[in-house]
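Here is a short report on one protein chain.

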Amino acid sequence: MFEISKNQLRQLNDVDLREFVARLCEAELRNAEAPISSIKWGGAQTAPDEGLDIECCVEDDDFSGDFLPRARTGIQVKKSSMPDSRIETEMCPKGQLRPIFSELARNNGCYIIVSLEDDLVTQKVRARKEAMQKQLETIKEEGDLQVRFYGCGELANWLRQYPAVQLWVRERLGIQLNGWRPFGKWSTTPPLVNDDLICEEGIAIILPGREGE
């Protein structure tokens, strides 16, 4: 009913895409009964981010999610395609591996690249992950750092798990849902009139101007 196609997802701009992925992370944590405060993201899209757009830091080391596989997970979000050459530039600017990867490795974490433009078959996804692992050769002894690559297909699959996020995407893209409206007031209350829900036993009738009697 709420499903968003991959082509529709690609219409998200850079700013909305980052918030979209952050909301998916929050939804997965909520579903796992993990603290939503474990997700950190924000700031200007073009500001330096040390290689991560979204960080997940769950204090429970036993946490294991689906699309967030480990308690310490860092995500880089890109709207554009991420071939091997761009992966190298992203992870090792000017030939130097970003320091954040040592931190992730020491915490046995996971590094995820999200590319909205890419929609790859399994073999191509494996090649992207191998390109990511190649950049991490110099720190492979520091810990067990897992890598993942999510293209548009993986994002669409992740999104299907959470209807509330689907509604948010529809709103951002201006996609109407005919015959359905989100939760709202069931009555039309005049301005400045108290319309608090009546929570008393039996039936209560409160007339205007008679409060407190």
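How many bridges join strand 4 to strand 5 (residues 146-150)? Five, and the two strands run parallel. Strands pair when DSSP finds at least two bridges between them. Helices (H or I, at least four residues) and strands (E, at least two) are DSSP runs, numbered from the N terminus.

This is a predicted model: local features need pLDDT of at least 70, side-chain atom pairs count only at pLDDT 80 or more, and totals for chains, interfaces and linings use all residues. Residues are numbered from 1 along each chain as its sequence is written, and side-chain values use heavy atoms, with hydrogens and water left out.

Strand 4 spans residues 110-115 and is mostly covered. Six of its six residues are buried, where buried means under 20% relative accessible area, exposed over 50% and partly exposed in between (1.4 Å probe, protein chains only). Both faces are covered. C110, I112 and V114 lie on one side. Y111, I113 and S115 lie on the other.

Strand 3 (residues 72-78) also runs parallel to strand 4, and six bridges join them. G74 has Y111 as its bridge partner in strand 4. Towards strand 5, I112 has R148 as its bridge partner.

Strand 4, helix 5 (residues 122-135) and strand 5 form a right-handed β-α-β unit. Right-handed here means that, with the strands pointing away from the viewer, the path from the first strand over the helix to the second runs clockwise.

S115 belongs to strand 4. It counts as buried because its relative accessibility is 0%. Leaving aside neighbours within four places in sequence, S115 is in contact (heavy atoms within 4.5 Å) with K78, S80, S81, M82, F149, Y150, G151 and C152.

S38 sits in the loop between helix 2 (14-31) and strand 1 (39-41). At 6% relative accessibility, S38 counts as buried. With neighbours within four places in sequence again left out, the contacts of S38 are L29, E55, C56, C57 and V58. The side chain of S38 also reaches the backbone oxygen of P35 at 3.0 Å. That is a polar contact: a pair of N or O atoms within 3.5 Å; within protein, one must be able to donate a hydrogen and the other to accept it, and residues adjacent in sequence count only if both atoms are side-chain atoms. The C-alpha atoms of S38 and A71 are separated by 9.1 Å, at 33 residues apart along the chain.

**Salt bridges**

The structure holds 12 salt bridges. Each is a side-chain nitrogen of Lys or Arg within 4 Å of a carboxyl oxygen of Asp or Glu. Three of them are tabulated.

| Pair | N to O distance |
|---|---|
| R72 and E103 | 2.6 Å |
| E137 and K140 | 3.3 Å |
| E142 and R106 | 3.9 Å |

The E142 and R106 pair has its closest N and O atoms 3.9 Å apart. E142 lies in the loop between helix 5 and strand 5 and R106 in helix 4, so this pair ties together parts 36 residues apart in sequence. E142 is partly exposed at 35% relative accessible area, and R106 is exposed at 55%.

R72 and E103 meet at 2.6 Å. This pair links distant parts of the chain: R72 in strand 3 and E103 in helix 4 (residues 100-106), 31 residues apart. R72 counts as buried at 10% relative accessibility, whereas E103 is partly exposed at 31%.

E137 and K140 meet at 3.3 Å. E137 is partly exposed at 44%, and K140 is exposed at 51%. Elsewhere, salt bridges that share partners join E55, R72 and E103 into one network.
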